[in-house]
Amino acid sequence: MIDQFDFAIVGAGIAGASLAAGLARQGRVVLLEAEDRPGYHSTGRSAAFWTESYGGPQVQPLTTASGPFLHQHGFLAPRGALTLARSSELAALADFAAEFRALGVRVDDLDRDALLQRLPGLRDEWVAGAYEPDCCDIDVAGLHQHWLAAGRQAGADLWTRAQLIEGTRGAGQWQLRLADGRRLAAKVLINAAGAWADPVAQMCGVRPLGIQPYRRTVAQLQLAKGPPADLPLVLGIDGLFYFKPEAGRLWLSPHDETPTPPCDAAAEELDVALAIDRLEHVVDWPVTRIEHRWAGLRSFARDRLPVYGFDPRADGFFWFAGQGGFGIQTAPAAADLACGLLLGDPAGPVDPQPYDPKRFY
Ligand SMILES: Cc1cc2nc3c(=O)[nH]c(=O)nc-3n(C[C@H](O)[C@H](O)[C@H](O)COP(=O)(O)OP(=O)(O)OC[C@H]3O[C@@H](n4cnc5c(N)ncnc54)[C@H](O)[C@@H]3O)c2cc1C
């Protein structure tokens, strides 16, 4: 006899874990994770911020709707986000601020003097900023563990070293085969495989949607002085850098987006050097040591919106993928939305239509 489930979820990152927690009381759930431990890939490599403008205006409803859950459970700590502009970029900054204000996001205009108070040593070319006071740091590991524990307590099974290699549909069930030879069956297969979302579809005979992974690099730097503990997340309106403080160090990214096949991503020296060069054009903070560097994959559909819903042509195949660079900050609302669709009760606060996989057919 093979094990039978109502829901088999492929991938135990933040996406899969959130759904396991949401579905485990409604049916028999198994969470399949190829690695030794959940969270090894993108989920364990994020920059850990929640900011409503990040990901654009069509992602903002998911981020904003996730805020209350994250606050209530103590997963957020105040940070603030500051987007910087040069004089040639003032129109772009004004458009950015106006667009998100219109959506109800708090955005304050800062002039050069106000910027200097928050960013001592700011280079002269940076003349204006848009400040989002509600941006927070997220306790990503805490959130991920919370959902893994909630799933386990509600009866979900977590199988690690459980790499799906084949799925076939017949008699209203998915017959699933793992790399180590194990077999199982599930009524619904949920594709929460992050960078591997398209390959997982293909191994199940489902048409891939063109979800592309891109490498993103972060370096942890020691500075000669600082950074200030109350430093906000600082981004460029040009989309070429962000940095934030972390336990007395600086986390810095060159905001890179290098297309890559799904893999165990590693930071490249050139990207770290580029990041430091860009930092030096923002502030006069000497870097004394690169303590740590890492990279992870951010996976996007062609329109850069996530893909949540049943595949219109593959019975019982549900997409929960394409979370790009916002998969943590949107996770609570995304999980609510997806659980509503999976259980036939899509009555949450966020309209699922923009994220429906049908848009690609
Ligand atoms: C450097 C960086 C910074 C980021 N910063 C932020 C941020 O500040 N805020 C934010 O909200 N988001 C951020 N993100 C994005 C966020 O990390 C991702 O959107 C999110 O982690 C995606 O979660 P996931 O569960 O879909 O993917 P993953 O965490 O990658 O999980 C997918 C899992 O599927 C498993 N899998 C794949 N194929 C199979 C298979 N065949 N069988 C079984 N298991 C399989 C993999 O092993 C993996 O564990 C950042 C990402 C990066 C890389």
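The largest cavity in this predicted model is lined by Ala20, Leu31, Trp147, Leu148, Gly151, Arg152, Ala156, Asp157 and Leu158, where a cavity is a set of points, on a 1 Å grid over the protein atoms alone, at which a 1.4 Å probe fits but cannot get out, and lining residues have an atom within 4 Å of a point. Helix H5 (140-153) and strand S9 (157-159) each give two or more residues to this lining, with H5 giving the most, 4 residues. The volume of the largest cavity is about 70 Å³, taken as the space filled by probe spheres set on the points.

Local features need pLDDT of at least 70 and side-chain atom pairs count only at pLDDT 80 or more, while totals for chains, interfaces and linings use all residues. Residues are numbered from 1 along each chain as its sequence is written, and side-chain values use heavy atoms, with hydrogens and water left out.

Around the ligand there are 38 residues, of which Glu33, Thr43, Phe49, Gly324 and Gln329 come nearest; a residue is near a molecule if one of its heavy atoms lies within 4 Å of it. By class, this shell comprises 19 nonpolar, 14 polar and 5 charged residues. Strand S18 (287-300), which belongs to the elements that give two or more residues to the shell, gives the most, with 3 residues.

Oxygen atoms of the ligand lie 2.7 Å from a backbone N or O atom of Gln329, 2.9 Å from one of Phe49 and 3.0 Å from a polar backbone atom of Ile328.

Conventions
A polar contact is a pair of N or O atoms within 3.5 Å; within protein, one must be able to donate a hydrogen and the other to accept it, and residues adjacent in sequence count only if both atoms are side-chain atoms. Ala, Val, Leu, Ile, Met, Phe, Trp, Tyr, Cys and Pro count as nonpolar, Asp, Glu, Lys and Arg as charged, and the others, Gly among them, as polar. On a 1 Å grid over the protein atoms alone, a cavity is a set of points where a 1.4 Å probe fits but cannot get out, and a pocket is an open set with protein on both sides within 12 Å along at least five of seven lines; lining residues have an atom within 4 Å of a point.
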